[in-house]
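Take a look at the structure below. The paragraphs after it walk through the fold one part at a time.

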Amino acid sequence: IDTASTLGGEVWAKAGIYMERISLRPHCYVYGGFGGTETQRHLRDWRAHPTILDGQAGGSTVTSEQAGHMLSAVDGFTIRNGKAPYGAGIYCVSSTTISNNVITENAASDGGSAICCWHNSCPMIANNMITKNQSSTGSSAIFCCSLSTPTIANNTIAGNGGGIYSYSPSPTITNTIIASNRWGLFCENGSPSLRSNCVHGNKAFNYSGLPDPTGTNGNISVYPRLASPSYGNLHIQPDSPCVD
């Protein structure tokens, strides 16, 4: 990672279990999911070749603190077993792209058991499966702190202590399923932009701190028919109302 960030570049990680925590660097793009014979990135299959970062409960599994909000990416990993007050899976103060990951079994005592978007960060959080992230305090899976402006798109957030906590003026949340968590979407400050989401079956509430948007801008609240959420399979079934 340090070498690739000197001039900008990619790191490819072969399938396996890596017992380590990583810190992203500016202009460094880290990709998992390789079998080991690929010559081009698009040939990888990150679902077929699990590449696991295990934080060993020693802090945030992935940290992205970059001056000037320089770009980077973490893509195609299973990110697990982080333990920290904030951002146990991923602690982000940057413009990192967080995509195509399974973020699971992380624990934060205060906020963001899966991902914490800290002050002034503006990450793209897309196409992730976020599940079984817990804490004794019911910490949210994604925590959007003040002045952060994340884009949260095409994710499934299910079976966590909490869904998304927003203390941010303008997170954008689209095409995302928030289901079967201890609670759904809690907004303490600001007004998130919500489009085409399914928020359903969260135990304490689906929405709090903002008007329920169900029925507007494509937002729905129906059973999403996930394949097997108890066993971590969050793919929607063919007859799911969330298709398209």
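In which strand does Lys83 lie? Lys83 belongs to strand S9, residues 83-86. Before going further, note that this is a predicted model, in which local features need pLDDT of at least 70 and side-chain atom pairs count only at pLDDT 80 or more, while totals for chains, interfaces and linings use all residues. Residues are numbered from 1 along each chain as its sequence is written, and side-chain values use heavy atoms, with hydrogens and water left out.

Start with the whole chain. The protein chain has one helix and 28 strands. Helices (H or I, at least four residues) and strands (E, at least two) are DSSP runs, numbered from the N terminus. The C-alpha atoms fill a box of roughly 50 × 40 × 30 Å along the principal axes.

Next comes the surface. The accessible surface of the protein chain is about 10400 Å², and carbon and sulfur atoms hold 51% of that. Accessible areas come from the Shrake-Rupley method with a 1.4 Å probe; for residues, only the protein chains shown count as cover. Of the 244 residues, 50% are buried. Buried means under 20% relative accessible area, exposed means over 50%, and partly exposed lies in between (1.4 Å probe, protein chains only). The chain carries 13 positive and 14 negative side chains, and the centres of the two sets are 4 Å apart. Lys and Arg count as positive, Asp and Glu as negative; His and the chain ends are not counted. Each charge is placed at NZ of Lys, CZ of Arg, CG of Asp or CD of Glu.

How do parts of the chain meet? Contact means heavy atoms within 4.5 Å. Among contacts in the protein chain with a separation of 6 or more, 54% join residues 24 or more positions apart.

Now go inside. A nonpolar core is a set of buried Ala, Val, Leu, Ile, Met, Phe, Trp, Tyr and Cys residues joined through side-chain atoms within 4.5 Å. The largest one has 34 residues, and Ile90, Ile103, Ile115, Ile130, Ile142 and Ile164 touch the most other members. Strands S4 (28-34), S10 (90-93), S14 (115-117), S17 (140-144) and S23 (185-189) each give two or more residues to this core. S17 gives the most, with three residues. Look at Ile115. Setting aside residues up to four places away in sequence, Ile115 touches Gly87, Ile90, Ile98, Ile103, Ile125, Ile130, Ala141, Ile142 and Phe143. A second, separate core has eight residues, including Met129, Ala158, Ile177 and Leu234.

Is Thr131 buried or exposed? Thr131 is buried, because its relative accessible area is 5%. Thr131 lies in strand S16, residues 129-131. Beyond residues up to four places away, Thr131 touches Ile103, Thr104, Glu105, Ala158, Gly159, Asn160 and Leu234.

Glu105 sits between strand S12 (102-104) and strand S13 (107-111). Its phi is near 60°, a positive value in a residue other than glycine. Glu105 is partly exposed, at 48% relative accessibility. Ser180 also has a positive phi, about 60°, although it is not a glycine. Ser180 is in the loop between strand S22 (177-179) and S23. At 46% relative accessibility, Ser180 is partly exposed.

Return to Lys83. Lys83 is exposed, with a relative accessible area of 53%. Apart from neighbours within four places in sequence, its contacts are Ala57, Gly58, Gly59, Ser60, Ala88 and Ala107. Lys83 and Ser95 are 12 residues apart in sequence, yet 22 Å apart in space, C-alpha to C-alpha.

Finish with two more residues. His235 is in strand S28, residues 233-236. His235 is partly exposed, at 39% relative accessible area. Leaving out neighbours within four places, His235 contacts Arg47, Met129, Arg225, Leu226 and Ala227. Thr3 lies in helix H1, residues 2-7. Thr3 counts as exposed, at 70% relative accessibility. The C-alpha atoms of Thr3 and Asn219, 216 residues apart along the chain, are separated by 44 Å.
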